[in-house]
Amino acid sequence: MSLAILGRISDPTTLSDRARGVASRLWRAAQLNFFGGFSVDQLAASLVDVDSTLNVRACNLDDELKILAFIRREMEKERLVIASWHSQRGDTHHWVLLIGVEGYSQHETFKPTAFLALDPGTDAPIMTGYNGRLEVSGAVGRHATAGKMVYEAAWQSRMRVALTSAISLG
């Protein structure tokens, strides 16, 4: 989806039909890693292999608040961010594409409360431009603490999550 938004591929629904080009390379990479998944470094390298003109930055730190700061900086630069999180219980690990920010202004400063996501693991967005929300209001500001993020996908229950890594694309 991120490559379609960036204009690198025209129709993501036809990836498996492509014989050459960016879409074909993306499909081959996805097939090779379908069952085992990607680490952040593997995904970043794969994106560069698919399209060498992409400006890819990876953030693979053990500090959730630093990952959140990376996401916020990259989103402020209007870059797409692929974020990885795991559930608090550790039974779910997932990647989502962050495409927007929700929040409010206070004293001429924007305060984010949630990042809006396109989540490939849930239903398509209906009447919105997103189908998932990563709520970060407890994890930003002067009294920020890790472990206060909540993820909610369309038609699914809310769950506490911890960020594990992020990749920005531009």
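A: A surface patch gathers residues with over 30% relative accessible area and no salt bridge, joining like charges within 9 Å and nonpolar side chains (Val, Leu, Ile, Met, Phe, Trp, Tyr) within 5 Å. A salt bridge puts a side-chain nitrogen of Lys or Arg within 4 Å of a carboxyl oxygen of Asp or Glu. This is a predicted model, where local features need pLDDT of at least 70, side-chain atom pairs need 80 or more, and totals for chains, interfaces and linings use all residues. Residues are numbered from 1 along each chain as its sequence is written, and side-chain values use heavy atoms, without hydrogens or water.

Q: What makes the nonpolar patch of about 490 Å²?
A: Ile 126, Met 127 and Trp 155 do, with areas from the Shrake-Rupley method, a 1.4 Å probe and only the protein chains shown as cover.

Q: Why does Ile 126 count as exposed?
A: Exposed means over 50% relative accessible area, buried under 20%, partly exposed in between (1.4 Å probe, protein chains only). Ile 126 has 53%, so it counts as exposed.

Q: How do you know that the span of helix α4 agrees with what it should be?
A: Helices (H or I, at least four residues) and strands (E, at least two) are DSSP runs, numbered from the N terminus. The expected span is 1.5 Å times one less than the number of residues. For the 13 residues of α4 that gives 18 Å, and its end C-alpha atoms are 18 Å apart, so the two agree.

Q: Which residues of α4 are buried?
A: Glu 64, Ile 67, Leu 68, Phe 70, Ile 71, Glu 74 and Met 75. They fall within an arc of 155° seen down the axis, so they line one face of α4.

Technical notes:
The arc is that of the directions from the helix axis to the C-beta atoms.
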